[in-house]
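Please read these notes with the model open. They are in numbered points and can be checked one at a time.

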Amino acid sequence: MQIDQIAIAVLGAAAAWLSQARSEAFRRWACIFGMLGQPFWFYASWKAEQWGIFAVSVLYALAWMKGLWIHWLQPGRDGLSSDDVRTIELTPDTRR
């Protein structure tokens with residue numbers, strides 16, 4: 001078995017496993033392992049001239065990049081502060 005096939009199996013399985021973790025601290029690592037596997041997907045599909053797989057690899061890379069942005073790079077990713085959250089209250093006497 002070649003190194004690219006081993007890397008695809010190990011990194012892909014790790015990314016899938018981590019994406020299903022209950023803990024946010026573990027889930028955020030899924031995109032890291034997913035992105036680490038992408039060069040191996042690109043190489044293997046290019047070498048085998050599997051252009052459909054290559055195109056799907058590009059889509060997966062974009063999806064993993066979204067995860068990187070959301071979980072690691074996005075400014076102010078700590079969420080909304082209580083000042084940013086508003087509620088709407090409809091009291092019974094306001095309905096007519």
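1. Glu49 comes after α3 and has a positive phi, near 55°. Helices here are DSSP runs of H or I with at least four residues, numbered from the N terminus.

2. This is a predicted model, in which local features need pLDDT of at least 70 and side-chain atom pairs count only at pLDDT 80 or more, while totals for chains, interfaces and linings use all residues. Residues are numbered from 1 along each chain as its sequence is written, and side-chain values use heavy atoms, with hydrogens and water left out.

3. Helix α3 covers residues 30-47, 18 residues in total, and spans 26 Å from first to last C-alpha, close to the 26 Å expected at 1.5 Å a residue. The expected span is 1.5 Å times one less than the number of residues. At Gly37, shortly before Pro39, α3 has a kink of about 30°, taken as the angle between axes fitted to the seven residues ending there and the seven starting there.

4. Buried residues of α3 include Gly34, Gly37 and Gln38; buried means under 20% relative accessible area, exposed over 50%, and partly exposed in between (1.4 Å probe, protein chains only). Their cover includes α1, α2 (24-27) and α4 (51-73).

5. Ser57, in helix α4, counts as buried because its relative accessibility is 3%. Leaving aside neighbours within four places in sequence, Ser57 is in contact (heavy atoms within 4.5 Å) with Gln38, Trp41, Phe42 and Ser45.

6. Met1 lies in the segment before α1 (3-19). Met1 counts as exposed because its relative accessibility is 83%.

Key. Helices (H or I, at least four residues) and strands (E, at least two) are DSSP runs, numbered from the N terminus.
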